[in-house]
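I opened this notebook to record what I looked up in the structure. The entries follow the order in which I consulted it.

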Amino acid sequence: MGRATVARNDHGDDLLTYDYGPDLLPAPGGPLDMWRYRDLLPIGTGSVRYPLAVGGSPLLCSPELADQAGIERLWVKDETHGPSASNKDRATALVLESGLRSGASVITTSSTGNAAIATAIGAAACGVRAVIFVPDDCMPSKVELMRRCGAVVFRVRQGYRAAFELSRQASAELGWLDRNTGVNPLTLEGKKTVAFEVWEQLGRRAPDVVILPVGDGPTLVGFAKGFNELRACGAVPRVPRVIGVQATACQPLVRAWRNEPPAPEDPAGTAADGIAVPVPSIGGWTVDEVRRTGGAFVAVSEDELRAAGRILAGCGVDSEPAGAASYAGLRRAVRDSLVASNEEVVVLVTGREVSLTPASASNGAVFTIDADLGEVLSRMGGVDLPLPT
Ligand SMILES: *Cc1c(COP(=O)(O)O)cnc(C)c1O
């Protein structure tokens, strides 16, 4: 089992570490899912309780996509096949697995959309109540899906950062399980498993470059942590360069990377809602991690996002704009000479649009509120919802 120790990083964030060595790596063979790495995850012994299948996403080799980006060797890690069609499923699964072991009955998170959908679907499957906080401009179809999964959804008028603070406050005062990305170290632990899979799917080696979209930061930091752990276990000699991608309309970490002062961001100005985060929860850590790998940050326009989505779709990979941002970022990075044509690259396609499922019996509720815990409590008092089944 994972013998995890909690440390603090330079930014004051919790960071789990293990007694690294080759004995923590899985033996070759066996089913590819996230639990095969449980010696590098902080869960105890005994069978896994989380009921949904997570991890083991395909790593696709696409000469056509490589060609359209101007490189020779490209792999697409297609993270859109999980229960909620985004990479948020990994973090959700680990937080809920740990919560089930400690008897949690309510889980909360804030989200631009996808973490919330993953939490609503995962919690419903576990018989746990999900209480979700989203910015009030969250896509209506995503909010409706959460409600149909039985979640109680609060649309917070003051935006995502306020939704994040309110979810954390509710967790602290009411004892709810806190799945907030970045602050719960298990979100990184869950997300790092995608790096282990890439390593195994490449035949137990590292690519030269990995490109992924960045919102709050845990997808990138988790990926880098995964490869750092593989190195610490003696599995790879070095960590790949990591390139983070943001949308031009909302690019706080691109600015930080370039040592520019913060500027107003327009999260509603991009279709890539999953990465439209003006104040990332672990932004400083994300920039440091990119520096340590010798990587970079790039920004992509709405036109570049649309073109990337079209090209991916033409090669059979469905994506939402945030999910396609990695491929758009690859094309930009090649044009900016950040990636050479003979390097081996992996892009992470992190999500695709989810379609609405028919209304289920266990409907939740949706409220639009100001960022105030009193309002949350009075609204919750007015709903007597059975737990989702
Ligand atoms: C959340 C999300 C991201 C960014 O992940 P962070 O861990 O917040 O940086 C990228 N793509 C999609 C589809 C997402 O839902």
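Which residues of H5 are buried? I found Tyr160, Ala162, Ala163, Phe164, Leu166, Ser167, Ala170 and Ser171 to be buried in H5, where buried means under 20% relative accessible area, exposed over 50% and partly exposed in between, with a 1.4 Å probe and protein chains only.

Basis of the entries. I note that this is a predicted model, in which local features need pLDDT of at least 70 and side-chain atom pairs count only at pLDDT 80 or more, while totals for chains, interfaces and linings use all residues. Residues are numbered from 1 along each chain as its sequence is written, and side-chain values use heavy atoms, with hydrogens and water left out.

Helix H5. I recorded H5 as residues 160-174, a helix of 15 residues; helices (H or I, at least four residues) and strands (E, at least two) are DSSP runs numbered from the N terminus. H5 reaches 21 Å from its first C-alpha to its last, close to the 21 Å expected at 1.5 Å a residue, the expected span being 1.5 Å times one less than the number of residues. Just after H5, glycine 175 takes a positive phi of about 75 degrees.

Sheet. I traced an open sheet of 5 strands in the order S8-S5-S6-S7-S13, with parallel pairing; two strands pair if DSSP finds at least two bridges between them. S8 (177-178) and S13 (365-369) stand at the edges with a single partner strand each, so one side of each has no neighbour in the sheet. S6 (residues 129-135) and S7 (residues 152-156) pair in the parallel sense over 5 bridges. I also noted that valine 131 has valine 152 in S7 as its bridge partner.

Leucine 377. I located leucine 377 in helix H12 (residues 373-382). Leucine 377 counts as partly exposed because its relative accessibility is 43%. Its C-alpha atom is separated by 9.9 Å from that of leucine 174, 203 residues apart along the chain.

Lining by element. Strand S5 (106-110), helix H3 (114-126), helix H7 (218-232) and helix H11 (321-335) each supply at least two residues of its lining. H7 gives the most, with 3 residues.
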